[in-house]
Amino acid sequence: NRPPRLHRDFMMTGACSLQSAPIRVMQWNILAQALGEGKDGFVRCPMEALNWSERKYLILEEILTYKPDVLCLQEVDHYFDTFQPVLASLGYQSSFCPKPCSPCLDVHNNNGPDGCALFFNRRRFQLLHTAHLRLSAMMLKTNQVAIVATLRCRFTGRVFCVAVTHLKARSGWEAFRSAQGAHLLQQLCELTTQSHTEMDDENRTRVGETKDGIPLVVCGDFNAEPSEEVYRRFMTSPLGLDSAYKCLSEDGNTEPPYTSWKIRPSGESRSTLDYIWYSERAFQVDAVLKIPSEEQIGPDRLPSYHYPSDHLSLVCDLSFSQKPHRFM
Ligand code: NDP
Ligand code: CA
């Protein structure tokens with residue numbers, strides 16, 4: 001007799017999609033099993049609420065409630081035994097990139113390293129290219145990774161790139177996160193402008209790739225509030241990215257008040273850390289899944305018996321703007 005799951009509605013932005021079906025994108029740090037049980041110290045979450053044998057169904061239920069076309073996860077330490085096989089049986093193709101020195105490996109009885117995982121609906125998209133990146137900061141290799149996949153819609157022929165990442169956590173590491181973000185942006189710039197499919201200009205325009213590069217979606221736990229430099233870097237990059245969740249705010253320009261809310265021995269932490277970035281010129285946001293209220297989250301915050309992670313899932317519907325733009 002668990003409490004009911006959090007009910008969340010979509011906010012429709014009013015942007016009327018003339019396209020067929022929008023692309024539903026989900027971003028979620030699912031909380032690594034080993035970290036949740038062995039490292040995080042969520043003092044207001046009962047240990048029984050973290051049992052993998054039950055928690056895994058809450059994670060899968062959350063994913064299947066929204067049935068995303070593209071699913072970007074962080075802190076995945078049950079890829080091979082759970083998410084890959086279960087989601088493959090439901091029509092998802094996927095890729096997993098473990099962290100080189102995952103903190104999960106320090107935990108007794110761990111299930112292997114955690115990492116980023118990217119899933120997509122294989123009936124809808126064909127995989128053209130995958131890159132696994134180890135992020136650098138100030139020329140040095142770091143423990144953070146990203147996956148970048150180039151997908152082609154089997155129905156429209158449109159091509160786009162989707163990236164998933166999880167930047168370095170904790171305060172005091174703001175400059176490090178910013179450097180990781182700079183490296184990721186530079187890699188994304190290269191991956192979206194070099195053509196993996198030898199295309200002439202006419203073909204390039206038809207599939208939606210422009211002289212500005214392949215349209216891009218970047219999902220991540222950036223571990224950074226919007227006030228941080230790495231956020232500003234993404235907001236102002238030459239890739240022309242915007243953040244989907246700003247649509248929820250009244251002025252259309254403000255991130256949600258929180259995407260993660262937890263209580264550790266050090267105290268309560270309520271912060272906006274997770275983002276879905278998209279190429280502003282290529283996509284419009286049709287709908288965004290609302291953030292649950294403080295009352296819905298409850299006094300013990302997250303994770304809990306009714307929500308399996310300390311981070312909320314972000315879900316939005318993106319559709320291609322009417323015509324592939326072409327700037328000459
Ligand atoms: P990060 O600092 O990025 O954090 C790792 C994880 O810890 C994140 O998933 C983060 O979650 C979570 N976290 C954030 N804040 C806290 C907190 N206050 N208490 C508990 N957990 C928190 O780690 P790195 O990837 O840079 O790795 C550093 C760690 O890796 C070291 O602490 C060490 O334990 C381990 N390590 C392991 C090695 C090995 O071979 N096994 C070698 C070297 C290091 P979120 O993103 O949700 O905030
Ligand atoms: Ca975490």
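1. In this predicted model, an oxygen atom of ligand 1 lies 2.6 Å from an N or O atom in the side chain of His166, a polar contact (a pair of N or O atoms within 3.5 Å). The side chain of Arg170 has an N or O atom 2.9 Å from an oxygen of ligand 1.

2. Of the 930 Å² of accessible area (Shrake-Rupley method, 1.4 Å probe) that ligand 1 has on its own, the protein covers 73%.

3. Ligand 1 is surrounded by 21 residues, counted when a heavy atom lies within 4 Å. Glu75, Lys99, Asp106, His166 and Lys168 are the closest.

4. On conventions: local features need pLDDT of at least 70, side-chain atom pairs count only at pLDDT 80 or more, and totals for chains, interfaces and linings use all residues. Side-chain values use heavy atoms, without hydrogens or water, residues are numbered from 1 along each chain, and ligands are numbered from 1 in the order written.

Methods:
A polar contact is a pair of N or O atoms within 3.5 Å; within protein, one must be able to donate a hydrogen and the other to accept it, and residues adjacent in sequence count only if both atoms are side-chain atoms.
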